[in-house]
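Look at the sequence and the structure first, then read on.

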Amino acid sequence: MNEKKKLVLIDGNSVAYRAFFALHSQLERMKNKNGLHTNALYGFHNMIDNVLTKEKPTHILVAFDAGNTTFRHSYFEAYKAGRSKTPGEFSEQMPYLRDLLDGFGIKHYELKNFEADDIIGTLATQVDPTIYDVVVISGDRDLTQLAKENVRVDITVKGVSELKGHTIETIQEEMGISPLQIIDMKGLAGDASDNIPGVTKIGEKTALKLLKEYGSVEGIYENIDSLKKSKMKENLINEKEIALLSKKLATIDTEAPIEIKIDDLIFSGSHMEKLIAFYREMDFNSHLSKLDTSEYDAEQNNQKEEISYKIVSEITADMFNDDMALYVEMLEDNYHTSPIFCIGWGDDKQIYIAEPEIVFASEDFKSWASKAEAKKQVFDAKRTYVALKRQNIDITSINFDILLASYLLNTKDNSKDLSEVAIEHDYYEVSSDESVYGKGAKLAIPEEKSVTYDHIARKIKAIRVLSKQLNDNLEENEQTKLFNEMELPLSFILADMELTGVKVNDKRLMEMKEEFAIRLNDIEQRVYELAGEKFNLNSPKQLGVILFEKMGYPVIKKTKTGYSTAVDVLEQLREQAPIVEHILDYRQIAKIQSTYIEGLLKVIDKETGKIHTRYMQTVAQTGRLSSVDPNLQNIPIRLEEGRKIRQAFIPSHEGWKIFASDYSQIELRVLGHVSNDTLLKEAFIEGQDIHSSTAMRVFGIASPEEVSPEMRRRAKAVNFGIVYGISDYGLSQNLGISRKEAQQFIDTYFEKYPGVKTYMEDIVREAKDKGFVETLFQRRRYLPEINSRNFNLRSFAERIAINTPIQGSAADILKIAMIKMDKKLKELNMKATMLLQVHDELIFEVPEDEIEQLEALVVEVMEGAVELSVPLKVDSNSGKSWYEAK
DNA sequence: TAAATCACG
DNA sequence: ACGTACGTGATTTAT
């Protein structure tokens with residue numbers, strides 16, 4: 001027996017609007033971390049969820065209105081006029097509705113000049129009634145006119161989860177007319193919400209009475225003479241045109257020129273990864289925890305198409321050719337330490353899977369890996385390179401990295417999970433690592449080996465397919481140079497830096513640890529004395545109670561959950577609260593102790609006494625690197641106590657030195673270049689102290705000598721503010737001045753540096769126009785919120801539009817310098833080695849007798865890395881430890 | 001798992 | 001009028 005199919009058609013705008021008002025009381029409570037309101041999305045989500053469970057549709061579509069004008073406006077301009085303006089809090093949620101539907105795997109559609117009703121009406125009418133049962137869902141009663149033998153129309157009653165079904169029978173029962181007569185009723189009675197006029201003095205009751213007698217609007221006019229004389233008859237006669245027009249307006253078009261076919265609407269389940277990402281973005285935590293991912297994954301995995309591969313127990317040379325994908329599987333993130341448990345490689349014809357012992361013992365594999373003519377495509381080149389290097393295998397000629405490419409195409413598409421990256425590029429044939437290996441305590445290699453093998457084989461295929469696709473995309477964006485000449489070569493340089501590692505004097509750290517332990521204990525006792533009780537000093541919550549409740553100090557700032565006890569707050573209490581001094585001391589030292597001393601001691605490689613960080617090349621949205629496990633880009637320097645940590649970073653060879661070179665004011669120089677501002681460029685060209693120079697302009701000082709330290713400090717803050725996409729409030733907070741004063745500084749700055757002002761206006765306009773900004777080297781960052789109706793989101797995007805080309809271009813420049821530096825060091829056969837990168841500086845270890853040469857080389861390479869309209873400047877220092885290279 | 005805090009550029 | 005500086009990662013407490 002053939003079951004009937006079920007088509008569900010949802011009126012997106014109307015249901016979302018209902019959801020918005022149903023949860024209107026929650027409006028301010030329901031916001032995500034970015035301040036986006038989520039009440040309509042939440043309500044809409046729950047409605048869909050209910051519908052999917054209850055109706056179990058085989059086909060489903062959400063239709064949207066397209067724009068504000070429809071074909072109806074062409075014969076009645078005032079159609080839908082006089083509606084109150086759509087609230088911004090609602091419209092800002094609409095774009096995300098599409099994401100939600102994509103997650104659910106539900107097709108959505110809109111058609112220019114037509115309303116959602118018309119799309120729904122056309123589909124509901126045109127599908128074969130012997131095959132399809134149709135359910136229409138809307139918040140708008142007009143749609144009940146679509147009810148038929150096989151079409152039920154559900155209208156929201158209250159909220160969106162409670163629906164009332166309308167069929168031919170119920171409509172007949174309640175109103176005594178057929179669904180199609182609802183149009184006639186509107187023609188007579190009009191509809192205030194759509195501004196459909198109707199005939200004067202005729203309301204729903206009267207209309208129904210007339211229709212029961214005469215059947216339709218036309219029927220009434222055919223029999224108009226038989227009506228007895230009345231005011232109503234007069235109105236009907238006078239307003240015949242209006243009645244016919246009203247009917248026309250209320251009629252849903254069942255022959256709209258839609259381009260979708262019923263087969264496009266097949267519902268084959270949700271895309272869990274997308275849905276989860278949506279929940280995360282919207283902070284729908286209850287939904288996140290409710291998901292039974294394992295069950296879902298299993299179902300999804302079953303839907304994937306079969307993949308064939310060969311399990312290899314003996315490797316032979318004919319298994320390799322000059323164009324293949326390679327994947328090395330490890331369970332843990334840290335590829336410096338994680339065991340390798342499976343390896344796959346292959347091309348479009350054949351995929352091979354093998355256990356690592358077999359691969360590592362194979363000379364054929366090794367020579368293929370190191371063969372220059374053999375091009376390899378991977379996911380995460382650096383990870384692959386390091387993992388093989390640990391086995392003494394040198395891999396060369398990796399010519400594509402889909403992770404790196406994906407990140408360059410959109411910095412947001414940077415998941416460490418291959419399947420997530422694949423899904424972003426509409427490739428669904430590979431499962432998530434989590435669904436195969438589990439997570440947290442359950443993370444493990446599957447008992448059944450074929451599960452792993454199948455998974456790796458799918459990864460190989462995905463790499464093959466996506467390498468071609470993403471390479472095309474890079475070309476379309478003119479980013480191939482960025483990929484081939486900057487990011488990909490850099491990833492191997494970073495790999496070498498990570499593998500080299502940096503030597504750490506653990507004895508020195510342990511000495512410091514003991515010293516600090518004693519001091520911490522002393523301070524702790526002192527604080528307890530002053531507080532009159534013991535408490536956990538590391539708990540901001542407990543500290544808040546002591547400070548602001550027990551001791552009664554004034555509350556200066558609050559956080560989401562209670563009193564703020566951050567430094568700037570404590571500093572304001574310093575004068576009146578002696579205890580605060582000790583708390584600040586404690587905080588400072590506790591930070592050094594836990595993060596830097598204990599933290600670093602934990603990650604020193606026992607064998608080599610070195611630390612091997614991992615540079616994340618696809619995380620930072622601006623193009624910068626980041627550093628993890630441990631983070632070596634935030635080792636203390638500003639305060640002397642913490643700076644001493646750097647004494648523990650030493651050269652790995654006797655008689656060598658640590659050598660550090662940093663770009664001076666690189667971001668402001670980049671700003672000078674991109675803004676082409678005369679004064680700003682001049683300051684750099686003439687080698688002025690940039691902050692003093694700014695102080696002179698902004699405070700109207702004649703000579704550099706007259707700039708006081710305080711003025712320079714303020715000017716420096718202004719310069720920072722400019723780079724960050726300044727606001728009066730931000731600057732006022734930073735400088736502890738009034739907003740008005742801060743605004744004055746900004747105004748004066750823009751007066752003196754009009755080029756900078758123009759740059760900011762231009763870049764924001766360009767971002768609004770194109771939806772993304774670019775660095776000097778075509779690195780892109782998309783700003784989906786730049787045109788948001790939400791002030792917060794839009795303003796944030798505008799500041800990012802200003803900052804990213806500056807921070808990102810500076811990052812590009814240092815990356816170029818690193819590549820050139822690496823090349824030079826090799827060419828010149830120097831022993832000096834690049835160890836670390838910290839955003840605007842490079843740290844090397846170098847034999848004593850190479851220092852001079854290195855110094856000259858660094859200046860040549862870094863200052864000459866790129867040609868800007870302002871000079872680049874580098875400062876270098878060296879010493880026995882990182883501390884002394886200052 | 002989130003929030004608060006603080007280290008760096 | 002709206003509420004805020006840009007980019008990161010690690011540790012701790014609390015839920």
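## A hairpin

Strand S5 (residues 151–156) pairs with strand S6 (residues 163–166) in the antiparallel sense, over four bridges. The model that shows this is predicted. One of the residues paired here is Ile 155, whose bridge partner in S6 is Lys 164.

Six residues lie between the strands in the hairpin of S5 and S6. Gly 159 takes a positive phi there, near 65 degrees.

Strands of a sheet pair through backbone hydrogen bonds, and the pairing is either parallel or antiparallel. An open sheet with antiparallel pairing has four strands, in the order S21-S22-S18-S23. Its edge strands, each pairing on one side only, are strand S21 (833–837) and strand S23 (874–879). On average, neighbouring strands of this sheet are turned by 25 degrees against each other, with direction ignored.

How many bridges join S21 to strand S22? There are four between S21 and S22 (residues 841–847), and the two strands run antiparallel. Among the paired residues is Gln 837, with Leu 842 in S22 as its bridge partner.

## Helices across the sheet

Which strands does helix H23 lie across? Helix H23 (residues 480–500) lies across S21 and S22, and runs at about 95 degrees to S21.

Helix H37 (residues 851–863) lies across strand S18 (656–663), S22 and S23. The angle at which H37 runs to S18 is about 20 degrees.

Terms used:
Residues are numbered from 1 along each chain as its sequence is written. Chains are lettered from A and ligands numbered from 1 in the order in which they are written. This is a predicted model: local features need pLDDT of at least 70, side-chain atom pairs count only at pLDDT 80 or more; totals for chains, interfaces and linings use all residues. Side-chain values use heavy atoms; hydrogens and water are left out. Two strands pair if DSSP finds at least two bridges between them. Axes are lines fitted to C-alpha atoms, for helices over the stretch in contact, and angles run from 0 to 180 degrees between N-to-C directions. Contact means heavy atoms within 4.5 Å.
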